[in-house]
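User: Could we go through the charged side chains of this structure together? I would like to take them one at a time.

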Amino acid sequence: MNLSKKNLFYSLAIATVIVSLIICYFSLMLPSLYVDYNREKNVEAIYELQLNYIKNKNYDDLVLRNPSATITLEIPKDGNELYLYNTFFEIQIELKDEDFINLLNHLQEKINNSDKEWDDSLIDVDSLIDKLLPKEDFFDDYPFELKFKFNVGELTFKDPEIRFYQRTDDIFITEFSVSDGVNNFTNYMAFTTENDHTTITMMSVMSPDMNDIRPIIFQSLPMIVVVTFLFILIFSQIFSNGIIQPILKIFHHV
């Protein structure tokens, strides 16, 4: 094999190894790193939420990963009230039904004294569900009294974007995206009009963000650089033995 062919062969070998490493990294390592990174980020997020709510009774000055699905339930040590808090609302729940009050009191005792045994007889699921179902004088006899406070004005959305898709002749899809400055939300609506009716399907999702993947890549850069440098050194040695050494032999022979 002449020198030009050897040079081409070793260059292709180095390129193949580096490309293979990159493919293996993105197909095998990066997904698992992304999952681990998000798991740790979620644990840290709920830890900060819990600390902030205990201290301030709100989520102010915190970055919420999913505001609509984040909620805090506060159970007092005694009494017949519960409190729900969300970025958009606060709810004070006063229990009026005796069965629900007994269940809450038993739960409070269990929380205050972990050694206390749980009384399953207090949980009659069918009876509790029946009391929650609509009936005559529904609001007068409802087992809860709810007091709402809405905080919708505290969250500002920006960067709205709308797109349209025509998948088939009879299915029309709209995509509406909006951001709260941290998270990106996307709502989809699919429309189909038939002879006697119109069908509308709605779906809401959290849109992916490039900032979620960048930290993982940056964290992996030292390993990528070291591995790449190591392979370059190995192939440089092979290249030297395969091409330069024969040239030196010829030179010494001459």
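**Charged side chains**

Analyst: We may begin with R163 and E161, which form a salt bridge whose closest N and O atoms are 2.9 Å apart. Please keep in mind that this is a predicted model.

User: Why can side chains pair in this way?

Analyst: Side chains of opposite charge can pair when their charged atoms come close.

User: And how accessible are R163 and E161?

Analyst: R163 is partly exposed, with a relative accessible area of 41%. E161 is also partly exposed, at 37%.

User: How many salt bridges does a search of the whole structure find?

Analyst: The search finds three. One of them joins D36 to R39, with 3.0 Å between the closest N and O atoms.

User: Where do D36 and R39 lie?

Analyst: Both belong to helix α1, which covers residues 3-56. They are three residues apart, which is about one turn of the helix. D36 is partly exposed, with a relative accessibility of 37%, and R39 is partly exposed as well, at 48%.

User: What about E74, which residue does its side chain meet?

Analyst: The side chain of E74 meets that of K57 in a salt bridge, at 3.4 Å from N to O. This pair links distant parts of the chain, as the two residues are 17 residues apart. E74 is in strand β1 (residues 72-74), whereas K57 is in the loop between α1 and β1.

User: Is E74 buried or partly exposed?

Analyst: E74 counts as partly exposed because its relative accessible area is 25%, and buried would require a value under 20%. K57 is partly exposed too, with 43%.

User: Staying with K57, what is its phi?

Analyst: K57 has a positive phi of about 65°, although it is not a glycine. In general, most residues other than glycine have a negative phi.

User: Changing topic: which residues form the negative surface patch?

Analyst: The patch is formed by D169, D170, E194 and D196.

User: Where is D196 found?

Analyst: D196 is in the loop between β7 (184-193) and β8 (198-206).

User: Is D196 buried or exposed, and why?

Analyst: D196 is exposed because its relative accessible area is 67%, and the term applies to values over 50%.

Terms used: Residues numbered from 1 in each chain as written. Predicted model: local features only at pLDDT ≥ 70, side-chain atom pairs only at ≥ 80, totals over all residues. Heavy atoms only, no water. Patch = residues over 30% accessible without salt bridge, like charges linked within 9 Å, V, L, I, M, F, W, Y side chains within 5 Å. Areas by Shrake-Rupley, 256 points an atom, 1.4 Å probe, with all protein chains shown as cover. Salt bridge = Lys/Arg side-chain N within 4 Å of Asp/Glu carboxyl O. Lys, Arg positive; Asp, Glu negative; His and termini not counted. Charge placed at Lys NZ, Arg CZ, Asp CG, Glu CD. Helix = DSSP H or I, 4+ residues; strand = E, 2+ residues; numbered from the N terminus. Buried < 20%, exposed > 50% of the residue type's maximum accessible area, 1.4 Å probe, protein only.
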